[in-house]
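Hi,

As promised, I am passing the structure on to you, with some notes on its pockets below. Have a look at it first, and then read on.

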Amino acid sequence: MSAKTQSLLWVAQRASAAVLALCVIVHLGTMIYAIRGGLSASEILSRTQGSVGWLAFYSVFVLAVAVHAPIGLRSVLLEWLGWRGASRDVFLAGVAIVLAGLGMRAVVGVFA
Amino acid sequence: MRDFEVPRHASQTVLDVVTHIQRALDPALAYRFACRVGVCGSCAMTVNGVARWTCRTHIDKAVRNRNEITIEPLRNLPVIRDLVTDMREFFDKWARAKGSFQGDRSRRDDFSRIPSEGASRKQIDAAIECIGCGVCYSSCDVVSWNPDYLGPAALNRAWTLIRDERDTASIERLRAVAGDAGCHSCHTHMSCTERCPKGISPTAGIAGLKREVSLALLRGQL
């Protein structure tokens, strides 16, 4: 992988971290606010199902995680296990796909 | 590891102790020094687990308890013998980070005029006094985890040249310091900044390199 691509990954991780910081605040804030008086699963679903706003918000959240986590894991695998080269990057592309797939499945699950 | 008893003197430095051991107790002890006044950067060792320039480290500062100190070679570098490390990799990385000035003027041109109050000149002033002692390199966790990492000193050197208005190799240098072996691997632990005997902050320079690489990337120059 070229130094240019590695630099791009670094920028992508910083940018996704900025998105995640915002998403986590909105997610936690909404959760704490909504649950104050007690809220059942069906009541939560009645608010999220069909809501395009929440669909968009959580889609961005999940995709930011799928970008952010594997890039961080890339350094961890090098520094802790000494794993480098193409095999590590193929593995991490797989991690990104799994994170995005599972995350989007959950997002669609509460939307549909 | 061997134990020696060394007489205590006023204003005694760690280098004085090592010198006493070699002259009076063990003539075969190998260590490296030259100027003894904090200019040459050749006497750095690990003192009580911390990398230090031994010629400017007083024993009073280094002794923790029971009047004992442990002196070891610098970490993250191969040991040649006793307290002498092989510095080749350390300096090869300066070359890999394109740590030499490249200009486009000849002796027939006039002097460049760089205002001493200019922003980039001030950034250079803050980073230029490196003596190449290897204390930062020895203290850096990322170097120990990732042997390819260029390290704080080489990156700091690159940063001083990136800020140099006369230098003409900025883009090549940014390419050399970008990526896994370069500035992007720094975790900002700041051990280099804490330990640098010259009070330089390589961490600040590395952060500057990250900014410059990102800007060059966005401009399509990398």
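Predicted model: local features only at pLDDT ≥ 70, side-chain atom pairs only at ≥ 80, totals over all residues.

Let me start with the largest pocket. It holds about 800 Å³ of space, and 25 residues line it. If you want to find its centre, look for B:Arg2, B:Phe4, B:Ile21, B:Ile69 and B:Ile71, which lie nearest to it. Which element gives the most to this lining? That is α1(B), with 3 residues. In chain B, α1 (14-25) and β3 (71-72) each supply at least two residues of the lining.

Now for the second largest pocket, which has a volume of about 430 Å³. Its lining is made of 15 residues, and those closest to the centre are A:Thr30, A:Met31, A:Ile44, A:Thr48 and A:Tyr58. Four helices of chain A each supply at least two lining residues here: α1 (3-34), α2 (41-48), α3 (52-81) and α4 (86-111). The largest share comes from α1(A), with 5 residues. As for residue types, the lining of the second largest pocket has 11 nonpolar, 3 polar and 1 charged.

Happy browsing, and do write back with any questions.

Best wishes

Conventions: Residues numbered from 1 in each chain as written. Chains lettered and ligands numbered in written order. Heavy atoms only, no water. 1 Å grid on protein atoms, 1.4 Å probe; cavity = no way out; pocket = protein on both sides within 12 Å on 5 of 7 lines; lining within 4 Å. Points joined across faces, edges and corners; volume = space filled by probe spheres on them. Nonpolar A, V, L, I, M, F, W, Y, C, P; charged D, E, K, R; others polar.
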